[in-house]
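Here's a quick walk through the model on your screen. Have the sequence and the 3D view open side by side as you read.

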2 protein chains.
Amino acid sequence: MAQAPAPPVDKRRQILDAAIRVFARQGFHSTRVSDIADEAGVAYGLVYHYFKSKDEVLNELFTERWSLLLAAIEEADGGGDSPRVKLEAVAGFIVDSYRHDPELMKVIIVEVTRAANSFGRTHLPEIRRAYDSIAKIVAEGQESGEFRRDVDPNFASMSFYGAIEQLLSGWIFELIPASDADFERAKSLVVATICDGLEPR
Amino acid sequence: MAQAPAPPVDKRRQILDAAIRVFARQGFHSTRVSDIADEAGVAYGLVYHYFKSKDEVLNELFTERWSLLLAAIEEADGGGDSPRVKLEAVAGFIVDSYRHDPELMKVIIVEVTRAANSFGRTHLPEIRRAYDSIAKIVAEGQESGEFRRDVDPNFASMSFYGAIEQLLSGWIFELIPASDADFERAKSLVVATICDGLEPR
DNA sequence: AGACCGATTGACTGGTCAGTCAACGGAGAA
DNA sequence: TTCTCCGTTGACTGACCAGTCAATCGGTCT
């Protein structure tokens, strides 16, 4: 009755991790299921033992990480910090996610968040929840008078998130330098750009 | 010797326009060449008379429009305006492009600009040229003292472009309202956000 | 009229994969 | 020892579709 499914957990994780690498390298679409199996060192059919389809593998990867992001944003909003500090926490979390696992973030951004016709559409509700949470932070900032009121919170949220995602894209495609120092600088600079603006005060 | 290829121009255009509609509706990947032909009201084989491949149809659409964008950015930079006005011109052009032909812009953004693993990669040089031109505007603004100097121009360029593209994405997916008034407001608000910042002055 | 030539047609082919499934193996239960 | 369960294997199939090509059409030139 009582079983110890030690290997199951193992192989499933192995397949997911392999999928991250292969998706990051070749893109979801030009990845064959056999590529994932090979990379994971398991038989083709085993992928279908643990996942309903190739799509489900990507869905799992996305959901796993995106829920962390949502939690992080909501946690940032929870504390009694100023809206600016909250935004710094959000930017920091996203940048650190990239630093911690660039391949996974690449997959999530390239194949889901920006893949509007396939997975982006599927996960729109979850993605939207992130935008909404950021908008909430902005709205609160406006109420407290720390942010100007003539910019729609949803609008600001899109700009803020768009700027960050574009930065990640820049790193992914090596359009801008991506050293540890750059990551750190980026965190405060996005927020500085969005909160203070480019023009000198 | 002298021929009047009146119909050729016609049918080719017809195919391109049909492709815009179908790509916008179904996405490049789930569009069959036969869908394009059907939508254009021509025979399957004719698509291959005018284009080397399905990819070439999309490439053509992208290049056609992107070269206009590049020209617009460079023209904006050419005049003697302040950097802020130049950025307004750039934002204005992109927003107007969307207003003028949302389907085409959707295709370009979704299938090329953000399709990092397929066409985005192919067209990286052209896409990058846009980022670079915007960065140049920022750099000039810094030299003249109209922009602060502690933000790297490439970084600012990514933030600015990323914010705009995210707005278009928001419109495309109906995450934010998209009336004519919204478009107009967006133009000045993106620039206001980036130049002045969210915090009150 | 007849020859020529590019535009147009659409049936067909070759190759590619996602997903299936029947069989194998090894660890515990009886 | 034998049975059972389930994780594991990989050959196979059915569907799908980009791109080919031989044939037809229709205008122009001689």
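## Ground rules and overall build

Helices (DSSP runs of H or I, at least four residues) and strands (runs of E, at least two) are numbered from the N terminus. With that in hand, the elements of chain A read α-α-α-α-α-α-α-α-α-α from the N terminus on, a tally of 10 helices and zero strands.

A word on bookkeeping: this is a predicted model, so local features need pLDDT of at least 70, side-chain atom pairs count only at pLDDT 80 or more, and totals for chains, interfaces and linings use all residues. Residues are numbered from 1 along each chain as its sequence is written, while chains are lettered from A and ligands numbered from 1 in the order in which they are written.

Of the 201 residues in chain A, 42% are buried (20 or more other C-beta atoms within 10 Å of the residue's own; 12 or fewer is exposed, in between is partly exposed, and C-beta atoms are placed from the backbone). Two residues are in contact if their C-beta atoms, placed from the backbone, lie within 7 Å. Take the contacts in chain A between residues at least 6 apart in sequence: 65% of them join residues at least 24 apart.

## Two helices side by side

Have a look at helix H5 (residues 83-100) of chain A, which packs on H9(A) at an angle of about 20°, with the axes 11 Å apart. Axes here are lines fitted to C-alpha atoms, for helices over the stretch in contact, and angles run from 0 to 180 degrees between N-to-C directions. H5(A) and H9(A) are therefore roughly parallel to each other (angles under 35 degrees count as that; over 145 is roughly antiparallel, 65 to 115 roughly perpendicular and the rest oblique).

Which residues make the contact? H5(A) brings Leu87(A), Ala91(A), Ile94(A) and Tyr98(A), and H9(A) answers with Phe160(A), Ile164(A), Leu168(A) and Trp171(A). By class, that is eight nonpolar, no polar and no charged residues. Nonpolar takes in Ala, Val, Leu, Ile, Met, Phe, Trp, Tyr, Cys and Pro; Asp, Glu, Lys and Arg are charged, and the others, Gly among them, are polar.

## How the two chains meet

The contact between the chains takes 41 residues from chain A and 41 residues from chain B. On the chain A side, the elements giving two or more residues are helix H8 (124-143), helix H9 (153-172) and helix H10 (180-196). H9(A) gives the most, with 13 residues. That side of chain A has 22 nonpolar, 11 polar and eight charged residues.

Chain A can be laid on chain B with an RMSD of 0.0 Å by a turn of 180° and a shift of 0.0 Å along the axis, superposing by least squares on the C-alpha atoms of residues with pLDDT of at least 70 in both. The two copies are thus related as by a two-fold rotation axis. In chain A, Gly197(A) has the C-alpha nearest that axis, 1.8 Å away. The copies meet through the same surface, because 100% of the interface residues of chain A are also interface residues in chain B.

## Two spots in chain B

Glu88(B) sits in helix H5 (residues 83-100) of chain B. Is Glu88(B) buried or partly exposed? Glu88(B) is partly exposed, as 19 other C-beta atoms lie within 10 Å. Leaving aside neighbours within four places in sequence, Glu88(B) is in contact with Lys187(B), Ser188(B) and Val191(B).

Helix H6 (residues 102-113) of chain B has 10 of its 12 residues buried, so H6(B) is largely enclosed by the rest of the structure. Among the buried ones are Lys106(B) and Glu111(B).
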